[in-house]
Amino acid sequence: AQPQAWQFQPWTFATRTFGNSWTLPTDTVSYELQFSGPFLMRQFSDRRCEVMNLATGDRLGLWVWNLDRLNAIYAAVSPDGQLAVAGSESGTAVVCEVASGKEVGRLVGHLAGIHSTAFSPDNRRIITGSGTLESIKVWDAGTWQELLTLPGKGALFRGTRFLQDGTTLVSENDAGILHVWRAPAWKEIAMAETFRESDRIR
């Protein structure tokens, strides 16, 4: 028997109405609504990724991930719809332009596999979830440099998200235990760097 195509129809809580109905191809491996915006990300069995804007019905991008041991089902789209990030079992994440699929950066630093990714509400930071002492890493979304490592208990940190305040992070480990961290705001980081510089001058 031929596999059945998936049917997808978003529901808008504010208006209590259904949006446009979508038919997902039978070779779709996974699909995920993005918390960062009105985006639907679809992953295919041949490593293709497609991003749709649910508000307009437009396709924003279609490309093939160039990353070994890819964990594409844990990929994320930036709130402005410009970038996408996906992690791998090798501990590396790749960042691509949504429109062209062009790779623009790599996040290298995890010793274990990456099982979740997310962008901050202001598009300026990326978080990746792994396990144990390096449960969460925070990265600069312009330089691709690591900013912070947050420890936790357990492994396979998934569902990693920034809350809307842009400084609170949440993630769930393989035992179902929710972890909450508060990352320093940009203003706090700038103040700390100023104090550090003044100490060097002295």
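Hi everyone, let's start with H110, which sits in the loop between β12 (103–108) and β13 (116–119). Strands here are DSSP runs of E with at least two residues, and they are numbered from the N terminus. Before going on, a word on the source: this is a predicted model, where local features need pLDDT of at least 70, side-chain atom pairs count only at pLDDT 80 or more, and totals for chains, interfaces and linings use all residues. Residues are numbered from 1 along each chain as its sequence is written, and side-chain values use heavy atoms, with hydrogens and water left out.

Back to our histidine. Is H110 buried or exposed? H110 counts as buried, because its relative accessibility is 6%, and buried means under 20% relative accessible area, while exposed means over 50% and partly exposed lies in between (1.4 Å probe, protein chains only). Contact means heavy atoms within 4.5 Å. Leaving aside neighbours within four places in sequence, H110 is in contact with S90, G91, T128, S130, E134, K137 and W139. With T128 there is also a side-chain to side-chain polar contact at 2.7 Å. That term covers a pair of N or O atoms within 3.5 Å; within protein, one must be able to donate a hydrogen and the other to accept it, and residues adjacent in sequence count only if both atoms are side-chain atoms.

Now look at D68, in the loop between β8 (59–64) and β9 (70–77). D68 is exposed, with a relative accessible area of 61%. Not counting residues up to four places away in sequence, D68 touches R47, S88 and S90. The C-alpha atoms of D68 and E89 are 8.2 Å apart, although 21 residues separate them along the chain.

R47 takes us to a hairpin. Between β6 and β7 there are three residues, and R47 in this hairpin has a positive phi near 75 degrees. Five bridges join β6 to β7 (residues 48–53), and the two run antiparallel; two strands pair if DSSP finds at least two bridges between them. Q43, for instance, has C49 in β7 as its bridge partner.

How many residues of β6 (residues 39–44) are buried? Six of its six. In a regular strand the side chains alternate between the two faces of the sheet. Here F39, M41 and Q43 are buried on one side, and L40, R42 and F44 are buried on the other.

Last stop: an open sheet of three strands, in the order β17-β18-β19, with antiparallel pairing. Its edge strands are β17 (158–162) and β19 (178–182), each pairing on one side only.

Terms used: Helices (H or I, at least four residues) and strands (E, at least two) are DSSP runs, numbered from the N terminus.
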